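Thanks for coming, everyone. Please look at the screen while I talk you through a few parts of this fold.

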Amino acid sequence: MKKILFLCFIIFRILFPENLRIVSLSPQITENIYLLGKGDSIIGNTIYCTRPEQAKYKEKVGHVIDVNVEKIYSLKSDIVFATNLTNPKDVKKLKELGIRVEIFSYPKNFSELCEQFIKLGEIIGEKQKAESIIKKIKNEIEKIKKKTEGKKKIKVLIQIGTRPLWVAGEDSFIGDFVKFSGGENVIKGEGGIYSIEEIIKKNPEIIIITSMGIDTEQEKKVWQKYKMIDAVKNNKIFVFDSDKLCSPTPPTFLEVVKEFYNIFH
């Protein structure tokens, strides 16, 4: 009898996702759930889930990588949204405890970002709303792309790490920021570790530094030594919030494209 009741309970949760008790192990997913109007369904998240403001006050269940499995179980969660960074051992334990786990990998480009947002919407019962948000954002991005037609493509470098110097390549959603805004990423492929000498040869006209664990003011001073780089010579070094650049939601993706367009043109 208990097994039948439990099965009925699971079926009820599937049929009525608005009643889901959600644990999010990703700041990006947490923010997206709020965007879809289901923030109240979140009963737990990580210490890094700080946007929007309400997310700060949810029960904390660990970090992005390692989480407190016992705490998640004690919260009687129906579903856990994890990422490919989540410790596989923790994911396995959660599944063994009968908790549904949905894993979202880090999106490779804007297209995957949109697909994942719609998938999330479908799981939590807000697919139509997710599709509507994506449609509006894609329309806005197409307008910006049309405005860039016929304009000179500005050579851009996106720095996301230092010591060693780590830069983003064109084959990424960060690369899509540049491309959609009418720029040209000086780093082809996926990006990675580069030397200053290699960057000097590529001679970017704009350098954008993310704020992720970087003393941005000090880093700007480091670049100032290399006056032979056009971006340095013309004082075209900009700092961007790491959350917007490295963990965008669909709306913040659009915000960055707009800001990049204004900088480039």
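Start with Ile22: its bridge partner in S4 is Ile79. That pair belongs to a set of 3 bridges that join strand S1, residues 22-24, to S4, and these strands run parallel. Two strands pair here if DSSP finds at least two bridges between them. Helices (H or I, at least four residues) and strands (E, at least two) are DSSP runs, numbered from the N terminus.

A word on the source: this is a predicted model, where local features need pLDDT of at least 70, side-chain atom pairs count only at pLDDT 80 or more, and totals for chains, interfaces and linings use all residues. Residues are numbered from 1 along each chain as its sequence is written, and side-chain values use heavy atoms, with hydrogens and water left out.

Which residue of S5 stands opposite Ile79? Arg100 does. Phe81 stands opposite Glu102 in S5. In total, 5 bridges join S4, residues 79-83, to S5, residues 100-104, and the two run parallel.

What links them? S4, helix H4 (residues 88-96) and S5 make a right-handed β-α-β unit. Right-handed means this: with the strands pointing away from the viewer, the path from the first strand over the helix to the second runs clockwise.

Is S4 enclosed or open? 5 of the 5 residues of S4 are buried, so the strand is largely enclosed by the rest of the structure. Buried means under 20% relative accessible area, exposed over 50%, partly exposed in between (1.4 Å probe, protein chains only). In a regular strand the side chains alternate between the two faces of the sheet. Both faces of S4 are covered: Ile79, Phe81 and Thr83 on one side, Val80 and Ala82 on the other.

Now a helix. Among the buried ones are Phe173, Phe177 and Phe180. After H7 comes Gly182, with a positive phi near 90°.

Last, a helix pair. The axes of H2 (residues 27-35) and H5 (residues 110-123) come within 10 Å and cross at roughly 60°. Axes are lines fitted to C-alpha atoms, for helices over the stretch in contact, and angles run from 0 to 180 degrees between N-to-C directions. The contact (heavy atoms within 4.5 Å) involves residues including Ile29 and Ile33 of H2 and Phe117 of H5.
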